[in-house]
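Here is a brief report on one protein chain. The sequence and model come first, then the notes.

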Amino acid sequence: HLGHGLFTHHVVAALGGAADTDRDQRFGPSEVFDFIRPRIVGESSLLGSAQTPCAVGLDRGPVLEAVRR
């Protein structure tokens, strides 16, 4: 019913400003990841298809990915 996957749904919401938790009108990869991870973990578990997003490549700047388990 989302029109796309759970990961994409939350990334789009995060990039739309929902990840700006400190309301400074700026957000970086850490805020995006901190926003999406608990939502994806919780909602995917409820849907019966657990997903755990991971942040990798921190030395080159984070890259976000969804990992299904």
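What share of the contacts in the chain with a separation of 6 or more comes from residues 24 or more positions apart? Such residues account for 29% of those contacts, where contact means heavy atoms within 4.5 Å.

## Basis

This is a predicted model: local features need pLDDT of at least 70, side-chain atom pairs count only at pLDDT 80 or more, and totals for chains, interfaces and linings use all residues. Residues are numbered from 1 along each chain as its sequence is written, and side-chain values use heavy atoms, without hydrogens and water.

## Overall layout

The chain has two helices and two strands. Their order from the N terminus is α-α-β-β. Helices (H or I, at least four residues) and strands (E, at least two) are DSSP runs, numbered from the N terminus.

Of the 69 residues, 26% are buried. Buried means under 20% relative accessible area, exposed over 50% (1.4 Å probe, protein chains only). The accessible surface is about 4,700 Å², by the Shrake-Rupley method with a 1.4 Å probe. Carbon and sulfur atoms hold 54% of that surface.

## Helix α1

Helix α1 spans residues 6–18. Its buried residues are Leu6, Phe7, His10, Val11 and Ala14. They sit on the same side of α1, because they cover an arc of only 125° around the axis. The arc is that of the directions from the helix axis to the C-beta atoms. The face turned away from the buried side carries exposed Leu15 and Gly16.

## Glu31

Glu31 lies in helix α2 (residues 29–46). Its relative accessible area is 18%, so Glu31 is buried. Leaving out residues up to four places away in sequence, Glu31 touches Ala19, Asp20, Thr21, Asp22 and Arg26.

Notes. The expected span of a helix is 1.5 Å times one less than its number of residues.
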